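This report goes through selected side-chain contacts and secondary-structure elements of one model. The sequence and coordinates come first, then the findings by topic.

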Amino acid sequence: MALKKRSRVALTVVFDALLINAGIVLSFLLRYGGTLPRFNFDPYLRMAVWITLIQLLFIYAFGGYDQQRMADGWNILGALLQAVTFGLLAVVALTFVLRSFSFPRLVFVITWFMQVSLLLAWRLLQLKVAPPNFGDVPVLIVGTGETARHLVREIEKQGRLGYRIVGAVKRDDERDVEEVEGVRVIGKIDEVPYLAATYQVKYIIITIPVRERQLIEDLIRVRRARVRVDVVPDLYEIMVGRIDEVGIGDVPLVSLVKQPPPGYRRTMKTVLDVVMALLLLAVFFPLWALLALAVKTNSPGPIFYRQARVGKDGREYTMLKFRTMYEGAEAETGPVLSSPDDERVTPLGRFLRRFRLDEIPQLLNILAGHMSFVGPRPERPELVNRYSQEIAGYDERFAVRPGLTGLAQVYGSYATTTENKLKFDLLYIQNQSLLLDLKIIARTLSAVLSKKGSTL
């Protein structure tokens, strides 16, 4: 099935590439009455590969190759409108830089209509002729009431979704319930984490009110295994949850425990991180070199401070900073959190921390894929081990890459507790988006340039 999915995506990409160029050629023909003027068309032929790659990248960026999203016609239309618009704007920018390569403006306008029409017709035809099957997804139903029974019937009707119900779980007071519409009851609610692991469940659907604290904490444990968790909402879940993009039949679903962003969004964030890191390193290299020299001459010791930190999925990496403490400052105290009046910090180190300039070497961590510009701040393994045992849900921070700055750093205070920082981190993970990242970066710059600048 995995090969079949990859083959489907590969076929879609090939046809997209052909139709992107077909739209451009047809636009030339329409604009020039059935002829292809060499003055404009020859430069296009020389750049056709780059134009195609740019537009394919934007289709990918807007979810055009996400099989589940592209199973709906309106999602296809929305993705293509955005991808073609921004893709052609990027091509316009390219023609501006390469002045010998120019399209008539009317060709761009016609191309927009042609590409949207051709790509949309191809995707809808593909959806009609060969609707996608999402494979074998093991599903666990929580609850045994009428809502659960209706949901089971809808899942069986929606066979193309590829859902396979492994069983249902019941409450303690439902002793006599053995099956739900032919689906076997395999356990009780407090056994959800165990059952999810035993049956390799990838999707849990809750059909009962999710208000019990213990159930929520169990769902957090399940979430670490990257299991999708949705709930058939009552009024409470509608108020606090977030609607799922895909319901099942006429059953609405709300995501209370969300999956990480789709792959295309994570890819775009990674690309932006790398581009911005390279740009900052190149533009401000003289300043970085001057700061390195100042650290070296201000006090004995190395320029960089290297420290083990815990990153995405709990993997350790070496984080870089400009050294701000005297050499051997932690020889007696061991790893402890810094404080605003920490005597171990050098005079230059206070200045660097004040404007967060000590974080600059972490641009190299971003280029290495260890970090992002925005995310939960990385912590030391020793503290992570302690907090993971003391604070429920602490390991949720590792669902994303750590960041240079984060929600806790711009909205929390220096003295805020670890528990409160975790709440900010989880809020970010649950609501992350490019717009939110831009807001956090803007507030970080504001904090650095004001009296609020500090190292958190």
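Glu390 is exposed, at a relative accessible area of 55%; here buried means under 20% relative accessible area, exposed over 50%, and partly exposed in between (1.4 Å probe, protein chains only). Its partner in a salt bridge is Arg386, with the closest N and O atoms 3.9 Å apart. A salt bridge is counted when a side-chain nitrogen of Lys or Arg is within 4 Å of a carboxyl oxygen of Asp or Glu. Arg386 is partly exposed, with a relative accessible area of 42%. Both residues belong to helix H13 (residues 381-390) and sit four residues apart, about one turn of the helix. Helices (H or I, at least four residues) and strands (E, at least two) are DSSP runs, numbered from the N terminus.

The model is predicted: local features need pLDDT of at least 70, side-chain atom pairs count only at pLDDT 80 or more, and totals for chains, interfaces and linings use all residues. Residues are numbered from 1 along each chain as its sequence is written, and side-chain values use heavy atoms, with hydrogens and water left out.

## Other salt bridges

The whole structure contains 13 salt bridges. One of them joins the side chains of Arg123 and Asp16 at 2.6 Å, N to O. Arg123 lies in helix H4 (residues 105-129) and Asp16 in helix H1 (residues 2-31), so this pair ties together parts that are 107 residues apart in sequence. Arg123 is buried at 4% relative accessibility, and Asp16 is buried at 0%.

Lys312 and Asp313 also meet through their side chains in a salt bridge, at 3.2 Å, N to O. Lys312 is partly exposed, with a relative accessible area of 26%, and Asp313 is partly exposed at 40%.

## Aromatic rings and charges

There are 13 aromatic pairs in the structure, a pair being two rings of Phe, Tyr or Trp (its six-membered ring) with centres within 6.5 Å. Phe28, Tyr32, Phe41 and Tyr44 make up one aromatic cluster.

Arg31 lies over the face of Tyr32, 4.6 Å from the ring centre. A charge sits over a ring if NZ of Lys or CZ of Arg is within 6 Å of the ring centre and within 35 degrees of the ring normal. Arg228 is placed over the face of Tyr203, at 4.1 Å from the ring centre.

## Strand S5 and its neighbours

Strand S5 (residues 203-206) pairs with S6 (residues 228-231) in the parallel sense over four bridges, where pairing requires at least two DSSP bridges between the strands. S5 also pairs with strand S1 (residues 137-142), again in the parallel sense over four bridges. Ile141 has Ile205 of S5 as its bridge partner.

In a regular strand the side chains alternate between the two faces of the sheet. Both faces of S5 are covered, with Tyr203 and Ile205 buried on one side and Ile204 and Ile206 buried on the other.

## Helix H16

Helix H16 (residues 434-449) has 16 residues and spans 23 Å from its first C-alpha to its last, close to the expected 22 Å; the expected span is 1.5 Å times one less than the number of residues. Its buried residues are Leu436, Asp437, Ile440, Thr444, Ala447 and Val448. They cover an arc of only 110° around the axis, which puts them on the same side of H16; the arc is that of the directions from the helix axis to the C-beta atoms. The face turned away from this buried side carries the exposed residues Leu434, Leu435, Leu445 and Leu449.

Terms used: Rings of Phe, Tyr and Trp (its six-membered ring) pair if their centres lie within 6.5 Å; planes under 30 degrees apart count as stacked, over 60 as edge-to-face and the rest as tilted.
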